[in-house]
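Please read it alongside the sequence and the coordinates.

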Amino acid sequence: MVTKGIIEPISDTIINLVNADFSAKQKGLRISEERIIVDSSPEYPVESIQVQISNVQSRFASALSENGNISIEGKVKYGVPHLTRVGPFSVDVSLEGNLILCKQVDQPGMIGKVGNILGESNVNVSFMSVGRTVKGKQAIMAIGVDEEPDKDTQKKIGEVSAVEEFVFLKL
């Protein structure tokens, strides 16, 4: 599924679980998997999965780890996939629908500012999660929305002075 998710956006053919690895090799991608065994119960044999992608540009630079790889982590909660880490930031985001990832200065009022911009444009927020590395430095806001904000709304979000970067993702 991870390989399918990586290959699908850059392929002009239909990618499925059967041809994902072959398609990755055709595109010159090298996929390596490392399994780390930890103590866990038989009911939940995998606690989480971490994906690191090297030598590619990211649409969201904050997903980069210290070594320059795109780094994300997730797990399944109640049968639904969740994103639990983006780069150095912890979040708790259901991977359903549409998502805005917004990196900003960690300061009061940011949830309200971005939420008001979305509300004024009639974009409904389904959930929001904020994670930070250090109080008062940088934070990441993950916002679930029912539909894609129009270009003007996205421009207004980008114009908020404390917003350093943001990206809209259709999941």
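By about how much of a helical turn are E159 and K155 separated in helix α4? E159 and K155 are 4 residues apart in α4, so about one helical turn lies between them.

This is a predicted model, in which local features need pLDDT of at least 70 and side-chain atom pairs count only at pLDDT 80 or more, while totals for chains, interfaces and linings use all residues. Residues are numbered from 1 along each chain as its sequence is written, and side-chain values use heavy atoms, with hydrogens and water left out.

**Salt bridges**

- With a salt bridge defined as a side-chain nitrogen of Lys or Arg within 4 Å of a carboxyl oxygen of Asp or Glu, the count comes to 5.
- One of them joins K77 to D92, with the closest N and O atoms 2.7 Å apart.
- K77 is in strand β2 and D92 in strand β4, so this pair ties together parts that are 15 residues apart in sequence.
- R132 and D106 meet in another salt bridge, at 2.9 Å from N to O.
- R132 belongs to strand β6 and D106 to the loop between β5 and α3, so the pair links parts 26 residues apart in sequence.
- D106 is buried, with a relative accessible area of 17%, whereas R132 is partly exposed at 45%.
- E159 and K155 also form a salt bridge, their closest N and O atoms being 3.6 Å apart, and both residues are exposed.

**Helix α3**

- Helices (H or I, at least four residues) and strands (E, at least two) are DSSP runs, numbered from the N terminus.
- In α3 (residues 110-120), the buried residues are M110, V114, I117 and L118.
- Seen down the axis of α3, these buried residues fall within an arc of 95°, so they line one face of the helix (the arc is that of the directions from the helix axis to the C-beta atoms).
- After α3 comes N122, whose phi is positive, near 65°.

**The open sheet**

- An open sheet of 4 strands runs in the order β1-β2-β3-β4, with antiparallel pairing (two strands pair if DSSP finds at least two bridges between them).
- β1 (49-53) and β4 (89-94) stand at the edges with a single partner strand each, so one side of each has no neighbour in the sheet.
- β2 (residues 70-77) and β3 (residues 80-86) pair over 6 bridges in the antiparallel sense.
- G74 stands opposite L83 in β3.

How values were computed. Buried means under 20% relative accessible area, exposed over 50%, partly exposed in between (1.4 Å probe, protein chains only).
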